[in-house]
Amino acid sequence: MLAESNKQLEVLNGGVFANGELPYFKDKIAKTGHFPLRPRKLEILQINVGYMCNQVCEHCHVDAGPDRKEIMTRETMSLCLDIVRTTGAHTLDLTGGAPEMNPDFRWFVEEAAKAGIKDFIVRSNLTIIRANKKYHDLPEFFKKHNVHVISSMPHYTRGKTDKQRGDGVFDKSIKALQELNAIGYGIPNSPLRLDLVYNPSGAFLPGDQAAMERDFKKALKEDFKIDFHNLFAITNLPISRFLDYLIASGNYEDYMYALVEAYNPAAVENVMCTNTLSIGWDGWIYDCDFNQMLGLKVASKIQHIRDYNETVLNDRNIIISQHCYGCTAGAGSSCQGSVV
Amino acid sequence: MANSYYDPADLRKFGNITEWSEELGNRFFEYYGKVFEEGALSAREKSLIALAVAHVVKCPYCIDAYTKDGLQRGITKEEMMEAVHAGAAIESGATLVHGVQMMNKYNKLSM
């Protein structure tokens, strides 16, 4: 396991990039006039509230699981809300682990509503709702606070989903989606937003987002009478567990070739690191969730939310490496799916 | 030179064929790209046809390319294998239907 981030960066900076076969990301974006990459106005605060999770997924870039103890405190959550109040960021995007497993999760949702957040996203793995009695009422809680639910769904078939996310995950996810539908989530024109995230279960890039959404909608409706709003197709970035897999399966070089060949300058214009900040469970600030997992704090005098200063932070260059090709391939990729 | 006729890394170099015949190469790739766009058939359906044909013409590059393409489009392994069977059935049918020619000839020559 290449859990240590410096070892991962060594891999990403070496091999086919060091020997000149493929261009470094920095050089590639310089050719299209995008270097250095700079932030625009902050719109989205993506917060990792802890690595604890009831699942252990093969592709997880967070390395999350039931034995992880890193968890965000209520004090750090309060500091995040201060940023929302001062910057006017309109979206809070909670990730984990399973965000719902943080003991202060419900408090945070309630306080965020008071702070005037327009879009409160929870990246829910769905199975958490059925994992334990204390989570059974989550759908009603989500509804009460108009939480925007975004859930991973690797495929509309049982085999592919369970292979990536663990045995039984597909059936539990289907039940959870049906429960959410039953109270109004994901129904056409319903204000209760339910979106799904698709990421490839292997060493290949996601196909066209609109075509995949059509296939998912048709299959889930016909087989399980499930509705949802949008499907976000997300590219797996070559870091953490997925990087281990690429190397162990002999797919690393081909995957990097595929990412570089699919480079799209139009996607660079809209990469999520330009309007999003990623906050770690312990309050450190990163350009994105992936840089967070690589331990690459923002290149600024301000690196922790207790010292937050919008002006100073906005005057920084975004830290990039070869994993960034994952966000600029094809139609681009972000936590909200394609960007082009 | 490689020691075998097929090198998987050569697939990445496919575009290089334009270097020795630019106009024809470019026209081919333009045509190729157009063929696989959404049309009366979906791009998904065309991907499965391409996979079946790839097996019939026994092109290892095409098999790699359209297995990956199918995965990217969310096509399942069961769908892919059925497509291969469709190709195989036509190919074996094409052999067997010549059995009629053999029967005709046999009968003509026999007393």
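**Reading the interface of chain B and chain A**

Me: How many residue pairs are in polar contact across the interface of chain B and chain A?

Reply: Six residue pairs make polar contacts across that interface, with both partners at pLDDT 80 or more. Keep in mind that this is a predicted model.

Me: Which helix gives the largest share of the side of chain B that touches chain A?

Reply: That would be helix H3 of chain B, residues 60–72, with three residues.

Me: How many salt bridges does the rule find across the interface?

Reply: Two salt bridges turn up between chain B and chain A. One pair to look at is Arg12(B) and Asp254(A), whose side chains meet in a salt bridge at 2.4 Å, N to O.

Me: How should I read the size of an interface?

Reply: Interface size is often quoted as the accessible area lost when the parts come together. Here, about 1000 Å² is buried between chain B and chain A, and carbon and sulfur atoms give 48% of that. On the chain B side, Arg12(B), Leu71(B) and Gln72(B) lose the most area to chain A, together 54% of what that side buries. The contact takes 18 residues from chain A and 10 residues from chain B.

Me: Where does UniProt place the domain feature in chain B?

Reply: The unreviewed UniProt entry puts "domain: Carboxymuconolactone decarboxylase-like" at residues 23–101 of chain B. In the model, that span is 82% helix and 0% strand, and its end C-alpha atoms lie 43 Å apart.

Notes: Residues are numbered from 1 along each chain as its sequence is written. Chains are lettered from A and ligands numbered from 1 in the order in which they are written. This is a predicted model: local features need pLDDT of at least 70, side-chain atom pairs count only at pLDDT 80 or more; totals for chains, interfaces and linings use all residues. Side-chain values use heavy atoms; hydrogens and water are left out. UniProt positions are given in the numbering used here, feature names are shortened, and annotations may be inferred rather than shown by experiment. Helices (H or I, at least four residues) and strands (E, at least two) are DSSP runs, numbered from the N terminus. Contact means heavy atoms within 4.5 Å. Buried area is the accessible area (1.4 Å probe) that two parts lose on being put together, summed over both. A salt bridge is a side-chain nitrogen of Lys or Arg within 4 Å of a carboxyl oxygen of Asp or Glu. A polar contact is a pair of N or O atoms within 3.5 Å; within protein, one must be able to donate a hydrogen and the other to accept it, and residues adjacent in sequence count only if both atoms are side-chain atoms.
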